[in-house]
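Please examine the sequence and the three-dimensional structure shown below.

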Amino acid sequence: MNYLKRIKGKFEDLSLKNKLLAMICSNVLLILLIALIGLKISSHAYNEQLYKAISGNLSFSSQTIASNLNSIETLSSVTISASVIQDALNRIDSIDDTIVWSNANREISQVINNYQQAYKKDGVLAIALYNRRFKNATNFVVANNADQDLVNGALKKAREREGAITWTIDHEHNLYILGRSVRKANNLELNHLGDLLVFVDMDRIVSEANRAVTTYDDTSYILFDRDQLIYASSGIDRETACLLKEQTGQPYSIVRSHGHSYFAVKNTIPYYGWTYINLVPYDQIASSTTMAYRLILGMLIIGLLIAIAYSRRLTRYILKDFDLLIQKMEFFSSTELEMPKVQVDYSQRTDEISRLHQHFDTMAGRIQYLVHNNYVNQILSRDAKLKALEAQINPHFLYNTLETINWRAKALKDQQISSMVESLGTLLRATLSSKNPLVTLDYEISLARSYMTIQKIRFEERLVFQTDCGRELGGALILPLTIQPLLENAIRYGMEEMMETCEISISARRKEIPESGEYVLIVEVSNEGSVFEEGLLEKLLDGTRNAHGFGIGLVNIHQRIQMLFGEGYGLSFKNRDETAVAVITIPYRTEEKDYAEINYCG
């Protein structure tokens, strides 16, 4: 397990290029290994089919050989028990007359010739009958050419077995000699009358037995009686036959001898228990199999080299995009959040690497946007606080001074001055101490009321102020110091330019956006007696109309809203029944965690 963990650790530490190379090479090796296994399986399947075909043929031929040998043994029994043979041999043995012998010899020759012709197809080459006076043979050439020592040995074994069947092998002439002693059957005297030898051509028996069933040329056969070689096809000597027998297993084997391969199938001759081996030349099949293995091995080496070369080229092509992405990341992190210029356009591609580039570009753009917006928003927020002051004086000194005035007004029981001073102090406190990026609508409305308290003392009955904000909207979040500048703008362009009564109002409502299902908060500040110039905000933003005085405050509010919430929100102006209406549109939120993605720098 530790060894596998070390291998896994080393693989994980490899570069992506080497990992891809390792994966491709391992796949090539796996495919070729499967091909080798498939070849091995197909070779085994072929051998199985070959065994089934040969086994069936061998079973048939072994039955045929056993049948032929049984027929020859039957021939020997018929011959030694034939009345003509018994009578002729008895006369030769008991009468000392050459004429009688000659007649008996003629009778014996005629009978055994008839038997030999009848059993010639079973492989009988010659029948020889030996008696005390002479011998009779159907084919003296075969009988005389046989190894005489083996012939004499066969006669000796026949006499010793006293009528039982004996077999003697002449390997040099491929003869199988059956021997039996002829005993007098009359009155069961069992006197020895002579000896019968049947010369059997084993090559013919085996060839004829396999002629009709063999489907392979140059097929060879071996017969063993235990460890004694009975028969071997031409070209196979005793030593080779014994070696092949040792190599042949059950049910089949691939054996080798003298540089040649054989498909060897083993069977048994019925009734005799002889081992019967069929040898089919396997050189061409083995050569084809070896050639296939060598071809696959060559393909393995060539395929591996091609895979390495191709994978190196492929990995370079793939990794160039990864390398470029890494360069972009390093450049972005090492500079002041700047993006390098690249020659490849990934915006229209849909592959995984291109999507990584697209996501990184988007992320980098958002980071730049947020950093820039937070920085600008901080400046604008502070600027809004400063512009709320009428003059560049020490704010803390001013706040303390207002508290002193308020205390004196209350001491003099001047409620009007006290209210004005308290309202101004509230505005100043909000300007100096508010550090939160968002405040509740209730808090912002309370600042607006403080401001309007001061203005009502100034304009008395000419100014009418009212609010229409549902209690359920009081917890909605809004940017600080956004409503008061709008009220100040309404006073400037409404009250100061008309002598009649002016009504200024603040209303708020929540509205659902059908497309997204989300809600927005809409705050309207309206004043009678004035109208907004057509396209006023656009002119202030593009510089068509100079933004000075209160115009700067309007642009400030609009930019702060868009930088915090996006371009879909902001400040807008409209006219309704001779009434100027300033509209603030922001997302409806009640908790600051809804804006957790917004990061302020101050």
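A residue is called buried under 20% relative accessible area, exposed over 50% and partly exposed in between, using a 1.4 Å probe and protein chains only. The structure is a predicted model, in which local features need pLDDT of at least 70 and side-chain atom pairs count only at pLDDT 80 or more, while totals for chains, interfaces and linings use all residues. Residues are numbered from 1 along each chain as its sequence is written, and side-chain values use heavy atoms, with hydrogens and water left out.

**The chain as a whole**

Of its 602 residues, 41% are buried. Its accessible surface comes to about 34,200 Å², and carbon and sulfur atoms hold 53% of this; the areas come from the Shrake-Rupley method with a 1.4 Å probe, and for residues only the protein chains shown count as cover. Among contacts (heavy atoms within 4.5 Å) with a separation of 6 or more, 64% join residues 24 or more positions apart.

**The sheet E2-E1-E5-E4-E3**

Five strands form an open antiparallel sheet in the order E2-E1-E5-E4-E3; two strands pair if DSSP finds at least two bridges between them. Strand E2 (135-137) and strand E3 (166-170) each have a single partner strand, so one side of each is left without a neighbour in the sheet. The twist averages 20 degrees from one strand to the next; axes are lines fitted to C-alpha atoms, for helices over the stretch in contact, and angles run from 0 to 180 degrees between N-to-C directions.

Seven bridges join strand E1 (residues 124-131) to strand E5 (residues 192-201) in the antiparallel sense. Leu129 stands opposite Leu196 in E5. Helix H6 (residues 148-161) lies across E1, E3, strand E4 (175-183) and E5, at about 170 degrees to E3. Helix H7 (residues 202-211) also packs on the sheet, where it touches E4 and E5 and makes about 50 degrees with the direction of E5.

**The sheet E7-E6-E10-E9-E8**

Another open sheet of five strands has the order E7-E6-E10-E9-E8, with antiparallel pairing. E7 and strand E8 (252-257) stand at its edges with a single partner strand each, so one side of each has no neighbour in the sheet. Neighbouring strands are turned by 30 degrees against each other on average, direction ignored. E8 and E9 run antiparallel and are joined by six bridges, and Arg256 has Ser261 in E9 as its bridge partner. H7 packs on this sheet, touching E6, E7 and strand E10 (274-281), and its direction makes about 120 degrees with that of E6.

Ser261 belongs to strand E9 (residues 260-269). Its contacts, not counting residues up to four places away in sequence, include Val255, Val280 and Tyr282.

**Selected residues**

| Residue | Relative accessible area |
|---|---|
| Ile41 | 54%, exposed |
| Arg226 | 68%, exposed |
| Ser261 | 9%, buried |
| Leu481 | 11%, buried |

Arg226 has a positive phi of about 60 degrees although it is not a glycine; it lies in the loop between strand E6 (220-225) and strand E7 (228-232). Leu481, likewise not a glycine, has a positive phi of about 55 degrees and is found in the loop between strand E13 (477-478) and helix H14 (483-493). Ile41 is part of helix H2 (residues 16-81).

Methods:
Helix = DSSP H or I, 4+ residues; strand = E, 2+ residues; numbered from the N terminus.
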